[in-house]
Amino acid sequence: MAIDFEKLLKNIVEPLVMNPDDVLVKTLSEDDNVITIQLLVHSDDLGRVIGKGGKLAGAIRTICYAGATKEGKRVHIDIDAF
């Protein structure tokens, strides 16, 4: 069973932000072993998603890395604001 990383990221991030309608998750590329995902949030919510010292962003990435490892893949997540 393949993991839907877009849905996973959206479910993690939406409760954290003040503007959940502005959360956008896109898969930019999916090669044999590497999946690149872009997470876009409202500019006011960027700090909430990154967290103090990047700890929250690191935790989000760790969850996705764990899921990708089970499938034998690697995930690269870009977090940005619009």
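Predicted model: local features only at pLDDT ≥ 70, side-chain atom pairs only at ≥ 80, totals over all residues.
Gln-38, if we leave out residues up to four places away in sequence, touches Leu-24, Val-25, Lys-26, Leu-28 and Asp-78, where contact means heavy atoms within 4.5 Å. Its place is in strand β2, and here helices (H or I, at least four residues) and strands (E, at least two) are DSSP runs, numbered from the N terminus. Gln-38 counts as buried because its relative accessibility is 18%; the classes are buried for under 20% relative accessible area, exposed for over 50% and partly exposed in between, with a 1.4 Å probe and protein chains only.

Residues are numbered from 1 along each chain as its sequence is written, and side-chain values use heavy atoms, with hydrogens and water left out.

Thr-36 also lies in strand β2, and at 15% relative accessibility Thr-36 counts as buried. Setting aside neighbours within four places in sequence, Thr-36 is in contact with Lys-26, Thr-27, Leu-28, Ser-29, His-76 and Asp-78.

Now to helix α1, residues 5-13: which of its residues are buried? They are Phe-5, Leu-9 and Val-13. These residues lie on the same side of α1 because they cover an arc of only 55° around the axis, the arc being that of the directions from the helix axis to the C-beta atoms. The buried residues of α1 pack against β1 (24-30), β2 (34-41), α2 (46-50), α3 (55-70) and β3 (74-81). By contrast, Lys-7, which lies in α1, counts as exposed at 53% relative accessibility.

As for the pair α1 and α3, the two helices pack at an angle of about 155°, with their axes 11 Å apart; axes are lines fitted to C-alpha atoms, for helices over the stretch in contact, and angles run from 0 to 180 degrees between N-to-C directions. That makes α1 roughly antiparallel to α3, since angles under 35 degrees count as roughly parallel, over 145 as roughly antiparallel, 65 to 115 as roughly perpendicular and the rest as oblique. In this contact, Phe-5, Leu-8, Leu-9, Ile-12 and Val-13 of α1 meet Ile-60, Ile-63, Cys-64, Gly-67 and Ala-68 of α3.
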